[in-house]
Amino acid sequence: TLDGDFAEALPMISKIEESLRSESELGAPRSLKTILEAFPVAGSDLEEKVSNLLIELPEEALSGMVGSSERGIRVAVPVPELGAGEMKEILLRLEKGLEVLREAHPYTKFYLSGLPVLSAEASSNMIFELAASLLAASLVIFVFIGLFVRSPALGIATLLPNLLPLAATAAILFLFGHPLQNTSVLVFTICLGIAVDDSIHFLVS
């Protein structure tokens, strides 16, 4: 959010774009500055060029770069599908860069926004809760299996063959660089249910 003219904002936008370009996982940043550099716009000074740009370009082309009050400027960047952990690391690094700008320009507001920012925190918490629930469910299930067959040793014996495929799958995901996501944790939960069901059938028969 600006507290001054666009000319004063240009160095700030340049710093933000430089910070975004340093993250190799992200795409090329886009802003009013990049549009002004790409398209010739008539005007005697920068402020007039910006005013003409806001008039000439279609509203949908500028909707992601200018706030509703025209006092806010957005720097947009394409974000690929990344794991929640990797995305949070990128956001932390970007926040450090914004903190430097906040200290240098206390009357200007800088913040990260957008769906990737919101989903990174929510997904990270959800994955942690799903993984914790999976571990707790595994322990409770095999305790009850041991009680059902009246043999704690047999309950522990059924634990290893059921959890080993899940551990092997998690190791393969890690080795191939695939992050743990909501879908993979849900698949682990379903697979555990199928494995436990087969174990119970085997023990009863």
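This is a predicted model: local features need pLDDT of at least 70, side-chain atom pairs count only at pLDDT 80 or more; totals for chains, interfaces and linings use all residues.
Student: Quick check: the bend at a residue is the angle between axes fitted to the seven residues ending there and the seven starting there. So where is the kink in H7?

Tutor: At Leu-163, and it is about 30°. Residues are numbered from 1 along each chain as its sequence is written, and side-chain values use heavy atoms, without hydrogens or water.

Student: What counts as a helix?

Tutor: A DSSP run of H or I, at least four residues, numbered from the N terminus.

Student: And how far apart are the end C-alpha atoms of H7?

Tutor: 34 Å. H7 covers residues 152–175, and its 24 residues should span 34 Å at 1.5 Å a residue, so the two agree. The expected span is 1.5 Å times one less than the number of residues.

Student: Which H7 residues are buried?

Tutor: Gly-155, Thr-158, Asn-162 and Leu-166. Buried is under 20% relative accessible area, exposed over 50%, partly exposed in between (1.4 Å probe, protein chains only).

Student: What comes just after H7?

Tutor: Gly-177, with a positive phi of about 75°. Just after H6, Arg-150 also has a positive phi, about 55°.

Student: Which of its residues are buried?

Tutor: Ala-120, Ser-123, Ile-127, Leu-134, Ser-138, Phe-142, Ile-145 and Gly-146.

Student: And Leu-147, buried or exposed?

Tutor: Exposed, because its relative accessible area is 59%. Leu-147 lies in H6.

Student: Switching to H5. What is buried there?

Tutor: Ala-84, Met-87, Ile-90, Leu-91, Leu-94, Leu-98 and Leu-101. Down the axis of H5, they fall within an arc of 120°, so they line one face of the helix. The arc is that of the directions from the helix axis to the C-beta atoms.

Student: What is exposed on the other side of H5?

Tutor: Leu-92, Lys-96, Val-100 and Glu-103. Lys-96 counts as exposed because its relative accessibility is 62%.

Student: How far is Lys-96 from Ser-19 in space?

Tutor: 9.8 Å, C-alpha to C-alpha. In sequence they are 77 residues apart.

Student: Last one: how many residues does H5 have?

Tutor: 21, residues 84–104. H5 reaches 30 Å from its first C-alpha to its last, close to the 30 Å expected.

How values were computed
Helices (H or I, at least four residues) and strands (E, at least two) are DSSP runs, numbered from the N terminus.
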